[in-house]
Amino acid sequence: MRLQYPPNVRIIEVPCSGKVDILHLLLAFEQGADGVIVVGCMEGDCHYLAGNLFAKKRVQRVKEILDQVGLGGERVGMYNLSSGMGPRFAEIIREMTQKIMELGPSPIRIAKGTAVRAAGEVAA
Amino acid sequence: MIKAKPKPMEEIIDNVKGFSKLLIAGCDGCVTVCEAGGLKEAKVLAAALRLYFTQGGKQAQVDETSLTRQCEKEYLAQLSDRIDNYDAVVSLACGCGIQYLAEMYDKKVVFPGVDTCFLGVNEERGLYSERCQACGRCILAETGGICPIARCSKRMLNGPCGGSEGGKCEVNKDIPCGWELIYERLKTLGQLERFETPTVPKDWTTSRDGGPRKIVREDLRI
Amino acid sequence: MSAETPSKLQRMIKAGHLAVTSEVGPPRSADGAVIERKAELIKDYVDAINVTDNQTSVCRLCSLAACIRIKQMGLEPVLQMVTRDRNRIALQSDILGAASFGINNILCLTGDHQHFGDHATCANVFDLDSTQLAMTVRMMRDEGKLLGGFEFEVRPQMFIGAAANPFAGPNVDIRVARLAKKVAAGVQFVQTQCIYNMDTFKTFMKMVVDRGLHEKVAVLAGITPMKNVGMAKYMKNRVPGIDVPDEIVKRMGGVPKEKQAEEGINLAIEQMEELKGVEGVRGFHIMAIEWEEKVPEIVKRVGLYPRPQLAA
Ligand code: SF4
Ligand code: SF4
Ligand code: FES
């Protein structure tokens with residue numbers, strides 16, 4: 001099955017969503033990501049029992065931090081999927097890309113000069 | 001040990017926003033155990049502050065480090081060759097560490113990055129609760145090993161008060177009544193007769209009421 | 001009840017009469033006339049009038065000033081004192097001040113935690129607790145000594161009281177043990193928490209009598225008439241240390257709204273009649289919260305009016 005999702009998305013594989021730390025997420029933003037999502041297994045189905053629950057809490061904490069430092073918590077999100085949900089994965093990526101496009105480029109990229117903010121403009 | 005929690009980000013930002021070279025200094029002691037102030041927390045705070053400055057279009061340097069203990073000069077000295085690269089330090093140590101850092105580098109602006117709360121235990125990860133108020137003259141021998149000063153909301157020495165109900169304190173149903181705990185323990189130990197003898201007024205001079213305290217151990221001093 | 005003082009309350013108890021006390025809550029202002037008005041309402045029906053000390057941690061006109069006012073009306077005040085707001089210097093100083101105006105009764109309390117009140121952000125003191133306050137008063141009275149060791153001549157003549165709550169945790173045994181402890185600290189009379197659960201109270205009193213404590217301490221049974229079923233429910237669910245059995249809530253709720261106040265008074269009177277026969281009960285402490293005008297009716301209906309006169 002080949003699924004279409006926007007090409008401006010970079011996928012980083014980890015053994016379990018519980019491996020994703022607050023610092024990984026913050027560093028992604030420091031390095032210019034406009035948005036980051038963490039995708040874990042369905043709740044209750046984590047192979048390491050509670051990895052996705054930890055991930056959910058970390059994402060929540062990062063949301064708060066992003067709100068407090070002026071980036072906006074909407075730029076980060078957590079989703080739970082099972083391996084059979086490929087189409088839903090593509091859909092989530094499209095949704096998130098759409099949301100980020102509406103939000104515009106991250107203020108970090110604007111500040112670093114790698115993007116400019118213009119109404120409706122989408123940074124690739 | 002000492003329990004602390006991270007300060008609200010807004011407050012930290014408010015303190016540091018006028019500076020452009022910041023060092024976030026963690027401590028590997030107690031505050032690491034309660035995940036308020038170790039190297040990890042220093043890194044998170046530094047990353048968050050870098051995001052804050054960058055999005056605001058400000059060039060700022062925010063570095064992080066962590067010391068074995070900030071309540072000892074020997075470890076604080078490890079900062080001596082680089083502290084001058086910064087115009088302010090946010091310390092994530094407990095109130096003692098923060099002050100000792102400020103005392104040692106007296107020309108440096110030092111901000112607290114945590115709220116130091118109490119002397120307590122780890123009930124579980126993310127759940128810490130108070131056990132001792134460092135009164136300076138421990139009476140646990142008389143109270144079944146449970147401290148009425150730290151665990152009775154009114155630090156009564158002859159409790160429980162009339163508000164104790166169903167094992168809970170009158171202040172709040174989330175607080176176990178310290179005196180009910182003492183009662184249960186004394187019962188287990190077969191020492192309930194202790195309930196009948198009035199405990200006399202306590203000498204609080206060894207507590208904070210006596211002014212800033214000091215321990216001098218001549219046997220240890222060099 | 002060893003040490004004798006000029007306290008009218010003590011003499012009344014000693015003479016074998018069922019004593020009656022009630023209380024006046026000072027206003028949240030400098031209006032001293034309120035105290036006089038409330039005291040006037042009840043003065044002929046009680047032997048002594050308690051003045052509460054910033055009860056439920058709500059800041060009010062001070063207990064000491066209100067007691068002096070009552071004393072100056074020719075009445076008998078009971079100075080309530082909590083250890084929450086004052087350290088041992090202030091407590092002893094107020095006791096000396098009270099005694100200098102001829103106040104002869106004190107009720108030693110720890111006090112509610114400030115979290116209940118209108119200044120929840122304040123620091124508290126709790127240098128002493130109620131038991132230690134009683135020990136302190138006894139030392140001042142019997143030895144003419146302050147806690148700091150200073151000895152003085154003119155001693156405060158205080159009849160020493162405290163509170164007892166048979167209904168609080170962990171169990172009745174400990175509540176009796178705690179009463180014994182207060183007696184050992186010098187307490188001569190106790191006013192109990194409002195009684196609604198008669199069975200628990202009787203169990204408590206039986207243990208008190210079995211241990212002979214009733215000979216050392218006068219127990220005044222606490223009575224608070226309910227105004228309506230809302231108050232019954234509030235006391236049951238919201239006030240720590242008060243035990244309101246379901247039957248009482250049901251009974252209050254079982255009569256129409258306009259009859260509930262009357263039902264509350266009837267209930268209080270029935271309880272008092274029953275308590276008269278409980279060994280060790282030496283009188284009543286009627287806490288008619290913001291309902292002082294009902295005290296005369298209650299006292300009359302239980303046959304405790306007129307109050308006996310003591311030889312001067
Ligand atoms: S008695 Fe004093 S030293 Fe001992 S646990 Fe309590 S507060 Fe701490
Ligand atoms: S309920 Fe227990 S812990 Fe709370 S103030 Fe009373 S005695 Fe202390
Ligand atoms: S294995 Fe932990 S989230 Fe998938």
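The following legends describe close-up views of a predicted model. Local features require pLDDT of at least 70 and side-chain atom pairs pLDDT 80 or more, whereas totals for chains, interfaces and linings use all residues; side-chain values rest on heavy atoms, without hydrogens and water. Residues are numbered from 1 along each chain as its sequence is written, and chains are lettered from A and ligands numbered from 1 in the order in which they are written.

**View 1. Surroundings of ligand 1 in chain B.** The residues around ligand 1 (a heavy atom within 4 Å) are B:C132, B:Q133, B:A134, B:C135, B:C138, B:I139, B:L140 and B:C147. By class, this shell holds seven nonpolar residues, one polar residue and no charged residues. In this scheme Ala, Val, Leu, Ile, Met, Phe, Trp, Tyr, Cys and Pro are nonpolar, Asp, Glu, Lys and Arg are charged, and the others, Gly among them, are polar.

**View 2. The largest cavity and its lining.** A cavity is a set of points on a 1 Å grid over the protein atoms alone where a 1.4 Å probe fits but cannot get out, and its lining residues have an atom within 4 Å of a point.

**View 3. Cis peptide bonds in chains B and C.** B:G159 and B:P160 are joined by a cis peptide bond with omega of about -5 degrees. B:P160 belongs to the loop between α6 (148–151) and β8 (168–169) of chain B; helices are DSSP runs of H or I with at least four residues, and strands are runs of E with at least two. In chain C, a cis bond with omega of about -5 degrees links C:G169 to C:P170, the latter in the loop between β5 (159–164) and α6 (172–184). Most peptide bonds are trans.

**View 4. Positive phi at B:E35 and C:F126.** B:E35 has a phi of about 55 degrees and sits between α2 (30–33) and α3 (39–55) of chain B. B:E35 is partly exposed at 34% relative accessible area, a class between buried (under 20%) and exposed (over 50%), computed with a 1.4 Å probe on protein chains only. C:F126, with phi near 45 degrees, is buried at 1% relative accessibility.

Key. 1 Å grid on protein atoms, 1.4 Å probe; cavity = no way out; pocket = protein on both sides within 12 Å on 5 of 7 lines; lining within 4 Å.
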